[in-house]
Structure formats: C-alpha cells, structure tokens
Amino acid sequence: MKKAKRNAVLYLLLFLLVAAGAVYSILYGIGKEKSGRAKDIPLGLDLQGGVSVTYQIEEKDATDAEIETTIDKLQKRVDTYSPDGEVYKAGSNRITVEIPLDTSKYDPNEILDSLGRPGKLEFIDSTNMDLKSQGQEYTAALTGSDVNNAEAARYRDEATGTDQYIVQLQFNDEGAVKFSDVTGANVGNVVYIVYDDQVVSYPRVNSQISGGSAQIEGDFTYEEASELANTIKIGALPLTLTELSSQVVGAKLGSDALRTSLIAGGIGLGLIFLIMIVVFRFPGFIASLALACYTILELFFLNTLHITLTLPGIAGIILSIGMAVDANVIIFTRIKEEIGAGKTVKSACNDGFNKALSAIIDGNITTIIAGIVLLLMGTGTVKGFARTLILGIVLSMVSALLITRLLLNIFVNLGVTNKKLYGAAKPVKVKNISKGFKVTATLSCILIITGIAFLFINKGMAGRGNTMNYSLEFSGGTSTAVTFNEKYDLAGAESEIIPVIEEATGIAPGSAQIQIIDNSNQIVFKTATLNGDQREALAEQLKSNFGIEDGQIETDTISSTISKETQRDAILAVVIASILMLIYIAFRFSDVRFGISAVIALIHDVMIVFFAYSVVYLSVGGTFIACMLTIVGYSINSTIIIFDRIRENLHTMNVNKDGYDKIVDTSISQTIWRNIYTNLTTFVMVFMLFILGVSSLKEFTLALMVGIVAGTYSSIAITGPLWLVLRKHIGKKDAADEKTVSA
C-alpha cells in the first residue's frame, strides 16, 4: 500500500510537471521556433481578414511546369501584399490564392483585379522599340518568364554619404544568356522595360552583364525602387486564369469573430465543468482537469501541425470537446453502475474503463469517418472544420482514456475511495420504450413530410421564391455583407440601400436579395456575379453614401461551376459517409441489422435537420455539408452506445426467458441518462456559440442544435426499437424472436 501511494505521489508530481510544461509551451513556445505557442496559431481569412480567390486555368493542355511557374509568379505578386499569403494548386486545373491582411489598408477589389491579370513584361532594345512605336513587328529580348526575382535594395554611397536605392535583378539560366546578349549588343544604349505596353523603366547599359544578376541604378526613393521591383517580379503569367470564386473579409469582422468565439468556448467549457461535477461528483472534477489538458493539447497541436484555424474550425473544436465529455460520461456511468453492483471503488474504476472502451472507440471512429469524408471532399472552411474535428476527436480519446484514467488511479491509490464521492447507480427501472415505436415513428414521419412540403411552400412565399435558401456555394453569384453604422429594417434597406447598389453595379432592378442579420447592423445582399470593377464601384458608393469603411465590407463571389460541383459533392459526401459507417458497424457488431438500423436512424436525423433548413429557411451552403456530416458522425455515437449495451446484454441476459424486447428496453433504460448528459454538454457548447458567436455562425450552430436534439431522440426512441423490428423480419429467427412476435 505504501508503495502504491508513493508511486501515486510520483505520478501526480510528474503529471503536474508535464502540465506546467504544456501551459508554458502554449504561452511562450518551445525552442527558437517558439513551437506550440497559442498566439502563433495560423488564422484563416474569416478570423484575420483578407482576400481569397480561386482561378480556373483556361488552357486544357497546361503542363505541370506551366502551372508551377504560374503559381510561382502569383506567389511573388502575393508577397508584395503580405508575407503570410499562400498560393496553391486546387484540383487539376485550378489555383487558389489566400492573402491574410488588413483590408482597411489595401483596396481588396484592386488586389483581386491585379492578381490574375495576365500582364506582359518585356525587355526591348532601342531598335525594336523604334519598330514598336511605328506599329511594326518587333522582338523582345527577354520576357517576364526569364526573370526569377527582383527586389529593392539599399547601399551607402561613400562619395556623398547618403543612402541610395537600387533594383536588383536575378534571371534564370535561359534569361541570363539572353540578358548577356542584349546588354553586350547595347553598351551605351537604353534597354526599355515594358509592362502591358507601358514603359516602366529605361536604364542605360554601362557594360555587358553576364552571370544572371544585375542592378538598376537611378535617383530612386525606396517606394519607387520597390514599385519597379514588384512590377518586374510579377512578370507575365504563362497561363490564362478566370476567376471562379473570391472572398473579401474585413479585419474587424475577423477579429470580432475570433474574440466572440473564444468567449463562447470559454463560457461553454466552464458550464460543462459545472455540469460534470454536479452529476458525477469527484470523477466530474477529474474530468474537468482532463478537459483542461485536452484544451491545452488542442492549442499546442494546432500550432505545431500548422493547422489553419477557421471559424467553422472553432465550431469543430467545440464539438470535439463534446465528444471528449461523452467519453468521460460513458466511463463514469459505468463506474457508478459497478459501484451500485457492490464493487469497491478501485475495482469499479478498472471495470468501468474496460467496459466503456469498445463504445468509446466505436463511437469516435465512426465520427472520424465523417471527418475524413469532409476533409477529402470539402473545400475551404469545411476542410478547416474537418481538420480540427479529427484532431479534437483523437485528443478527446487521449484525454478520456489516458489522462482521466491516470488521474483517477492516482487519487484512488492516494486513498480517495469514499463511494459517496463517486455515486452509485440505482437499479434501473426498465421502460417499455420499444412499444411506443409506432408513435415515435409516426411523429418523425410527420416532421419529415412537413419539411418536404415546405419546399413547395417556400417557392411561392413572398421574400423567398426558392425551394431552399441556397447560398452562393450552391447557387453562384456575389454576396456582399455590410455592417452599417445604424440598424436598417427590410423596408429601409429596400428603399435606401438597394437603389445605391443597383446604380453602382448596373444590375437589373429588383434582382438583389436582402438578408437582415438579427441583433446586428449587418445586411447581406445577394446579386448576380459582380466583376472587379463592379465590386469596387459598389464599395465606393457604400463609403460615400453611408460612411462605410473597408473593414465593414465582406464579399464572396462564386461561379455557377463551383456551385454545381458543391451540390454534387454534398450529396456524394453524405452517401459515402453513410455507406462507410454501415460497413464499419456491421463488421464491429457482426450483425448487418445493427448497421441498417443505424443508417436509417442517421437518415432520420439528417431529415429532421433538413426540416429545420426548410421551415426556418436557413442558408444552404458549404457549412450545410459540414453540419449534415457532423450530425451523421455525432448521432451515430449515441446509437453505438445503445448497440454496445444491447450486444453486452445479449450475453448477460437470458434471451429465451426475457425475449429481445426486454433486452432492448433494458439497454435503452440503462443508457438513457448517459445520452441525455452527453448531448446536454455538447448542446451547451454549441448554444453558447449560437448566443455569442458572429452572425455567420448562427445558422450553422442552430442547425447543429437541432441535430443534437434529433440525435438524442433517435438514439432513445428509434434505433433500438428499429433493430428489434428488423430482427423480426430480416434474417434467421430463433425461439426468442417468436416470443417477441407473439408478444
């Protein structure tokens, strides 16, 4: 006993030491790179502000080399605005550009206009320049594709004692040879640097320049040298690019989103700690410590794995906190049952963890399946949601199965073994839930049919006009979200703002759609696709007429090509996720009827959420996919708890004596409070994000809350009784089945 206590003290000290190190790492970082520091977690555009655009490559036969060169040129253009900008290939024929920056200091529409502009950079000698001025054919000595880099530099002029600015040039191998030839043939003459047929510089050649590098001297200011270097550096794009989608997020909107989301998460986490301690007593306190460790680990790995944090990503973290709580609830419920059965606290803790293990693993794996499908098939912020969800689920398992167990064992070995601190489960009153299946199934059918009926109602309803409220990701067009300095109602927006929008953009009268965001001064205007000039004109009109600043305007533009693909991928993602879950559950439970009933219950939950989208007319877009697959993953977790208990009771109860109805009803009754507790804690987290979060998250979190309620309901009232029905009518029957049928 003394040895066990001594080891417990050592483990506790070790835990505290590691925990202190983890806290230090997220506050100050580790090593020279400051790895793990929370404030260095990369933020997405929706949290930091900036510009994002996706281009379609028009050339059908574009080579990998041409695509890489185009990406490189775009990256150099991006670097002139922000060192944190990123350019990457999206799919086989698209390029995406993301530039986090303060949009109040730049004109975002000008950035979007200049990024994909083809541009034509040429170095032309005097002879060919004369031919060009006469409208004749001429030959450029070099083009933008021959330039590797250009940058402004400073040197000290020893003669005058002043700083001088120059432009340093670096050519590729082919460009170095060409530049050597043209400078060798034009010593004493001018070589013109022309961008888009405009002369931007005309330096005189002092001598032949070989070796692939050169510098342009002159009476430059730093700004002039930098501007010339940037013009040369961006060069000519080898490929033709067409804008498919774009997004502009104001820096203020992004910072507000981050601040309110963190506040919501902090309050929600505090409420979960309180619920866990009230319900589970001392183990609830241990769980709170483990969840605090989970939060620290999440922040650490977001930084070290360079996962960009987005607004839906924060929602993914909050949801995974619910999953971490869920695992603890399963464990502690089992421990209370074991104590109620007369076991010692130490024995109950060991058995509780062991019996909860399979349900935790199965539930988390099925949710990870949904996350992987989102990661592979989603785009943009949906991928961010999937990354944080998957990371959170993995860490939640570490939190529950390792940290919680370690801490619980430490305190048990230190003598914290009073059963009153843990609670004991009372004998379960078995409720005849399966007999009410017809009523619950009928209620569900009514809700689903109502949701479908509203598709037709919406189409004829004033102010709606479509079967569902499709966002840009599903319909295409341009969305402009503006935070005004005063609050407008619908009538005021239509009479005062819409005419300004129509005049600035030239769109057809009456074609713009308006969405007033509750409890804010923000209004979203949806129009046909606006080009760069139209977006810029609109921004200028909003500034002059309503005193709007750049940071108060957020725009999204998505082409019909992207929207059609998004619709297709949404349906495909849900189908693929459901099939994979069906296969996994059928394999794990060695009974395809478990898998079939689980998938039917999932479809039920998805359709109930669809009911909310249809009746409340919620926006259907990229987050709609994330919401549906999250509900699929989260709902299946509750279902698995029921199935795991049914599987266990099939071995411990007398099937021939009790029949399958009694087993199902007993299993549901044993797990009903677990389902309520765990879904309550997740609901609290999402609810706080709904109350305190920014407007762009409200519809997403509202749909998630509906899904959580639907998942709780279906796991209790649908899945078990449905498995019972399938057992009667599908596959082999035994004596217990016949007893069930006759009953």
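Biologist: Which residues touch the most other members of the largest nonpolar core?

Modeller: Let me start with the general idea: a nonpolar core is a set of buried nonpolar residues joined through their side-chain atoms. In this predicted model, the largest such core has 111 residues, and Ile 331, Ile 335, Leu 408, Tyr 422 and Tyr 613 touch the most other members. Helix H10 (residues 311-340) supplies the largest share of this core, with 15 residues.

Biologist: Could we zoom in on one of those? What does Leu 408 touch, not counting residues up to four places away in sequence?

Modeller: Leu 408 touches Phe 282, Ile 286, Phe 332, Ile 335, Cys 349, Phe 353 and Tyr 422.

Biologist: Let me step back to the whole protein. How many helices and strands are there, and what percentage of the residues count as buried?

Modeller: The protein has 23 helices and 17 strands. Of its 743 residues, 53% count as buried. Its C-alpha atoms fill a box of roughly 105 × 70 × 50 Å along the principal axes.

Biologist: Now helices, please. At what angle do H18 and H22 pack?

Modeller: The idea is to compare the directions of two helix axes, each taken from N to C. Helix H18 (residues 592-615) and helix H22 (residues 719-729) pack at about 135°, with axes 9 Å apart. Because of that angle, H18 is oblique to H22. The crossing of H18 past H22 is right-handed.

Biologist: Which residues make that contact?

Modeller: From H18 come Arg 593, Phe 594, Ile 596, Ser 597, Ile 600 and Ala 601, and from H22 come Thr 719, Leu 722, Trp 723, Leu 726 and Arg 727. By class, the residues of this contact are seven nonpolar, two polar and two charged.

Biologist: And H20 with H22: how do their axes cross?

Modeller: The axes of helix H20 (residues 655-692) and H22 come within 10 Å and cross at roughly 165°. An angle over 145 degrees counts as roughly antiparallel, and H20 and H22 are therefore roughly antiparallel to each other. H20 also passes H22 in a right-handed crossing. On the H20 side the contact uses Tyr 660, Asp 661, Val 664 and Ile 668, and on the H22 side Gly 720, Pro 721, Trp 723, Leu 724 and Arg 727. Six of the residues in this contact are nonpolar, one is polar and two are charged.

Biologist: Let's finish with single residues. Is Glu 122 buried or exposed?

Modeller: The test is relative accessible area, where under 20% means buried. Glu 122 has 8% relative accessibility, so Glu 122 counts as buried. Glu 122 lies in strand S4 (residues 121-125). Leaving aside neighbours within four places in sequence, Glu 122 is in contact with Tyr 138, Ala 140, Leu 142, Thr 143, Tyr 192, Ile 193 and Val 194. The C-alpha atom of Glu 122 is separated by 9.3 Å from that of Ser 145, 23 residues apart along the chain.

Biologist: Where does Thr 527 lie, and what does Thr 527 touch?

Modeller: Thr 527 lies in strand S15 (residues 522-527). With a relative accessible area of 11%, Thr 527 is buried. Not counting residues up to four places away in sequence, Thr 527 touches Gly 477, Thr 478, Ile 507 and Ala 512.

Methods
Residues are numbered from 1 along each chain as its sequence is written. This is a predicted model: local features need pLDDT of at least 70, side-chain atom pairs count only at pLDDT 80 or more; totals for chains, interfaces and linings use all residues. Side-chain values use heavy atoms; hydrogens and water are left out. A nonpolar core is a set of buried Ala, Val, Leu, Ile, Met, Phe, Trp, Tyr and Cys residues joined through side-chain atoms within 4.5 Å. Buried means under 20% relative accessible area, exposed over 50%, partly exposed in between (1.4 Å probe, protein chains only). Helices (H or I, at least four residues) and strands (E, at least two) are DSSP runs, numbered from the N terminus. Contact means heavy atoms within 4.5 Å. Axes are lines fitted to C-alpha atoms, for helices over the stretch in contact, and angles run from 0 to 180 degrees between N-to-C directions. Angles under 35 degrees count as roughly parallel, over 145 as roughly antiparallel, 65 to 115 as roughly perpendicular and the rest as oblique. A crossing is left-handed if the near helix is turned anticlockwise from the far one by less than a right angle, and right-handed if clockwise. Ala, Val, Leu, Ile, Met, Phe, Trp, Tyr, Cys and Pro count as nonpolar, Asp, Glu, Lys and Arg as charged, and the others, Gly among them, as polar.
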